[in-house]
Amino acid sequence: MPRFNQSALVIAALTTTIAALAFPVWSYTDRSGTGVSNMAAGTVNTQWGPLTASDRDLIVRVRLAGLWELPAAEKAMAKSDSATVKDAADHLLVGHGDLDERVRKVASQLGVEIPNQPNAQQQGFLAQMDAAQGESFDRIWASLLRKAHGGIFPAIGAVRNQTQNTLVRQLATDTNQTVLDHITMLEKTDAVDFDALANGTI
């Protein structure tokens, strides 16, 4: 009789453990309405439409852009003697100030975790700006920012074209307009070193 009780206890414990392990998967799928194939693809359903891994990546990248480009703009205002550089910096302050507010709201609505500080590469960009003075500062400042804006431009277009999430689509549209404005203003400074960008030396 004691042996039977021990066996029954072991079976009950195993059943409980398996159920506990399985429940989070079932509850996640049922709660979100997301099928197994969507879970595997990193897509979840929201009231604004499916949210893909590419959508989340864009949200994070827009947030990261603001985290380093706003301080970069402030540095230009303080360090540059160029009117065109200061004009471009003003556009960055206004544009990224607005975008940062929007992306934080969208991230909150969609439950996307976003960073609170620039990444290591971006911190390196800011350090280069801190170390430069005069025309060298203007060249480094404009070139690094032009490179960054040019790098994110294709990703914005791809997400804008493919996303089915209305919040992400609007964010991509707003970001596209802002980035294009910033590229235009940076190129008007005549401080962008296109040769260095092409050679990968900046």
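A crossing of two helices is called left-handed if the near helix is turned anticlockwise from the far one by less than a right angle, and right-handed if clockwise. The crossing of H3 and H7 is left-handed in this sense. The model is a predicted one, in which local features need pLDDT of at least 70 and side-chain atom pairs count only at pLDDT 80 or more, while totals for chains, interfaces and linings use all residues. Residues are numbered from 1 along each chain as its sequence is written, and side-chain values use heavy atoms, with hydrogens and water left out.

Helices here are DSSP runs (H or I, at least four residues), numbered from the N terminus. Helix H6 covers residues 134-162. Its 29 residues reach 43 Å from the first C-alpha to the last, close to the expected 42 Å, where the expected span is 1.5 Å times one less than the number of residues. H6 bends by about 25 degrees at Phe-153, and Pro-154 follows within four residues; the bend is the angle between axes fitted to the seven residues ending there and the seven starting there.

Helix H5 (residues 120-131) packs on H6 at an angle of about 160 degrees, with the axes 8 Å apart. Axes are lines fitted to C-alpha atoms, for helices over the stretch in contact, and angles run from 0 to 180 degrees between N-to-C directions. H5 is therefore roughly antiparallel to H6, a term for angles over 145 degrees. From H5, Phe-125, Gln-128 and Met-129 make the contact (heavy atoms within 4.5 Å). By class, this contact has seven nonpolar, one polar and no charged residues. Nonpolar means Ala, Val, Leu, Ile, Met, Phe, Trp, Tyr, Cys and Pro; charged means Asp, Glu, Lys and Arg; the others, Gly among them, are polar.

Helix H3 (residues 53-79) also packs against H6 at about 160 degrees, with axes 11 Å apart, and its crossing with H6 is left-handed. The residues of H3 that meet H6 include Leu-58, Trp-68 and Ala-72, and those of H6 include Phe-137, Trp-141 and Leu-144. This contact has 14 nonpolar, three polar and five charged residues.

H3 also meets helix H7 (residues 166-188), their axes coming within 11 Å and crossing at roughly 40 degrees. That angle makes H3 oblique to H7, the class left over once angles under 35 degrees (roughly parallel), over 145 and 65 to 115 (roughly perpendicular) are set aside. Asp-55, Leu-58, Ile-59 and Val-62 of H3 touch Val-168, Leu-171, Ala-172 and Thr-175 of H7.

How values were computed. Helices (H or I, at least four residues) and strands (E, at least two) are DSSP runs, numbered from the N terminus.
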